[in-house]
Every structure is written in C-alpha cells, then in structure tokens.
Amino acid sequence: MHRLHGGYLVRALMRATGGDRGKAEDILQETLLRAWQHPEALAAGPERSRPWLFTVARRIAIDHYRMAAARAREVLGEESEDRPLADDPYDRVVVARDVDRALRRLQDHHREVLVELHLNDRSVADTAARLGVPPGTVKSRNYYALRALRPVLAAEQGYAPKEECAAPAAPVRRPGAGDRRTVARGA
C-alpha cells in the first residue's frame with residue numbers, strides 16, 4: 001500500500017498542510033493504519049484503494065486542522081515578563097485609593113479640574129461649563145494640577161514615571177551673514 005500510494009498521498013498532504021512534511025507524513029501514517037484496521041475497505045485490491053485512502057487522508061487532515069485551531073497557540077521564545085499580567089481587580093482598588101489620597105493633597109480648583117477631565121472623561125468645554133470658568137482656565141488648571149500631582153504620586157505611592165531616554169537637543173543655529181548671501185544667490 002505504501003509503495004503503491006505513499007508518494008501520491010504525501011504530495012497531496014504536503015499541499016493540505018502548507019508544506020509541512022512532518023505533519024504530512026504523520027497523516028499518511030495514520031491513514032495507512034486505518035487502512036490496516038479496515039481491510040474490508042480494501043477488498044477490491046490494493047490498486048483500486050487510492051480513492052478511499054485519499055478520502056481518509058483528507059478527513060484526517062481536516063481533523064488535525066480543527067484540533068490545531070481549537071488549541072491555544074504555543075508561542076516559543078517569549079519571555080514571561082513580556083506577557084501582560086492578568087487584570088487583578090484588587091490592583092485597581094489599590095490604585096484608585098492611592099489616586100484619591102494624592103488628589104486630596106491638591107488645591108480644590110486643581111482637584112475639580114482633574115476629576116472632571118480625567119476621571120469623569122469630560123471635554124474641556126463641558127468641564128468649563130460645569131465649573132463656571134473659561135476653557136482657557138480649565139486648560140491652565142489642568143496643566144498645573146498635573147505638575148503638582150506627579151511628585152505627590154512619585155514620592156508617596158511609588159508611581160514614579162519611567163525614565164525616558166531623550167536625545168540631547170541640537171543647538172539652534174541662527175543664520176549668519178554668509179548664510180544669507182548663500183540663500184539670496186539661490187545656492
């Protein structure tokens with residue numbers, strides 16, 4: 001059976017498995033095992049059994065595909081630190097408590113703006129209308145409130161922002177007299 005039909009089945013299974021020779025050979029082996037377990041299917045003779053073998057191989061390949069799709073994908077080489085941690089509701093409660101404590105240390109008008117803009121997710125215009133101040137005042141209070149909040153969170157609760165590696169700023173060069181002549185000439 002293998003000598004007669006093995007090459008044809010492997011070629012067909014290579015296409016079905018996307019070129020994975022190992023998987024194609026596994027499916028071929030399982031197909032020939034089923035042929036051995038069901039000799040009645042091969043009663044017409046080994047030469048005429050190719051359609052039955054192709055049908056069995058196709059069904060086994062479909063079963064393998066379905067099993068692989070149902071299983072969680074395995075990711076190789078991924079470090080556990082790179083994976084996101086599961087969302088813990090306790091962590092959210094602790095963070096909310098810490099933010100509440102830090103907000104209490106701010107001036108009332110700063111706290112009101114932060115609560116409306118960031119916690120209640122309101123726009124600048126809505127916040128201005130609710131607080132009865134102009135939108136520019138809301139923006140200004142938000143800026144100064146965030147500046148006041150950062151050190152409080154960093155010092156007391158350990159919420160220091162991550163250090164960012166910023167490239168040093170290039171010095172600003174003013175065009176000199178020689179530069180003006182070059183620009184004026186069109187060079």
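1. Basis of the description. This is a predicted model, in which local features need pLDDT of at least 70 and side-chain atom pairs count only at pLDDT 80 or more, while totals for chains, interfaces and linings use all residues. Residues are numbered from 1 along each chain as its sequence is written, and side-chain values use heavy atoms, with hydrogens and water left out.

2. Overall make-up. The chain holds eight helices and zero strands, where helices (H or I, at least four residues) and strands (E, at least two) are DSSP runs numbered from the N terminus. Of its 187 residues, 21% count as buried; buried means under 20% relative accessible area, exposed over 50%, and partly exposed in between (1.4 Å probe, protein chains only). The chain exposes about 14800 Å², of which carbon and sulfur atoms supply 53%, by the Shrake-Rupley method with a 1.4 Å probe. Among contacts (heavy atoms within 4.5 Å) between residues at least 6 apart in sequence, 55% join residues at least 24 apart.

3. The α1 and α2 pair. The axes of α1 and α2 lie 9 Å apart and form an angle of about 135°; axes are lines fitted to C-alpha atoms, for helices over the stretch in contact, and angles run from 0 to 180 degrees between N-to-C directions. The two helices are therefore oblique, given that angles under 35 degrees count as roughly parallel, over 145 as roughly antiparallel, 65 to 115 as roughly perpendicular and the rest as oblique. Their crossing is right-handed, a term for a near helix turned clockwise from the far one by less than a right angle, anticlockwise being left-handed. In α1, His2, Gly6, Leu9, Val10, Leu13 and Met14 meet Arg21, Ala24, Ile27, Leu28 and Leu32 of α2.

4. The nonpolar cores. A nonpolar core is a set of buried Ala, Val, Leu, Ile, Met, Phe, Trp, Tyr and Cys residues joined through side-chain atoms within 4.5 Å. The largest has 14 residues, and Leu9, Leu13, Ile27 and Leu28 touch the most other members. Two or more residues come from each of α1 (2-16), α2 (21-37) and α3 (50-70). Apart from this core lies another, of eight residues, including Leu106, Leu114, Val152 and Leu153. Leucine 13 is in contact with Ala24, Ile27, Leu28, Ala57 and Ala61, leaving aside neighbours within four places in sequence.

5. The α5 and α6 pair. Here too the angle is about 135°, with the axes 9 Å apart, so α5 is oblique to α6. The crossing of α5 and α6 is right-handed. Glu112, Val113, Glu116 and Leu117 of α5 meet Val124, Thr127, Arg130 and Leu131 of α6. In the loop between α5 (108-119) and α6 (124-131) is aspartate 121, which has a positive phi near 55° although the residue is not glycine. Aspartate 121 is exposed because its relative accessible area is 68%.

6. Alanine 145 belongs to helix α7 (residues 135-157) and counts as buried because its relative accessibility is 0%. Not counting residues up to four places away in sequence, alanine 145 touches Leu106, His110 and Leu114. With the same exclusion of residues up to four places away in sequence, asparagine 142 touches Val113, Leu114, Leu117 and His118.
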